[in-house]
Amino acid sequence: MRFQRLDKLINIEDGYRRRFKIDSLDVVLAREGDDVTAFSAVCPHQEQPLEDGCIENGVIYCPRHNYGFDLRTGQHIEQQCASLTIYTVHYEGNDVGILMAY
Ligand code: FES
């Protein structure tokens, strides 16, 4: 696994959202309360950008059709849609990022 740095820990305040392009990946890093999550920037339903989606109780709601995806598993909460890709958030020193398979 390779650590991909995304931002400095000091920048990750409550409500933080930022979209990153990493090779072919399109990833959102987000903080809501104490939870820092990283997930695909594109909704698996009809490819709506998710960085402006509302996050409540560990679920992100797509702005287009309001489908909710569990940010721990990526599953659509009503299991009617493909799952959202979730990335493992990792910390190294003062940096926060994700673990990549290559
Ligand atoms: S495009 Fe996201 S729920 Fe439809």
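**Ground rules.** I am working with a predicted model, where local features need pLDDT of at least 70, side-chain atom pairs count only at pLDDT 80 or more, and totals for chains, interfaces and linings use all residues. Residues are numbered from 1 along each chain as its sequence is written.

**Whole chain.** I looked up the secondary structure first. I found 0 helices and 10 strands in the protein chain. From the N terminus the order reads β-β-β-β-β-β-β-β-β-β. The radius of gyration is 13 Å, close to the 13 Å from the globule rule for 102 residues, so the chain is as compact as a globular protein of that length. Helices (H or I, at least four residues) and strands (E, at least two) are DSSP runs, numbered from the N terminus. The radius is taken over C-alpha atoms, and the globule rule is 2.2 Å times the number of residues to the power 0.38.

I then checked the extent: the C-alpha trace spans about 40 × 30 × 20 Å along its principal axes. Buried residues are 24% of the 102. Buried means 20 or more other C-beta atoms within 10 Å of the residue's own, exposed means 12 or fewer, and partly exposed lies in between, with C-beta atoms placed from the backbone.

**His90.** I located His90 in strand 9, residues 89–92. His90 counts as partly exposed because it has 17 C-beta neighbours inside 10 Å. Leaving aside neighbours within four places in sequence, I list Phe3, Gly97, Ile98 and Leu99 as its contacts (C-beta atoms, placed from the backbone, within 7 Å). I also checked Ala38: His90 is 52 residues away in sequence and 9.8 Å away in space, C-alpha to C-alpha.

Technical notes
Contact = placed C-beta atoms within 7 Å.
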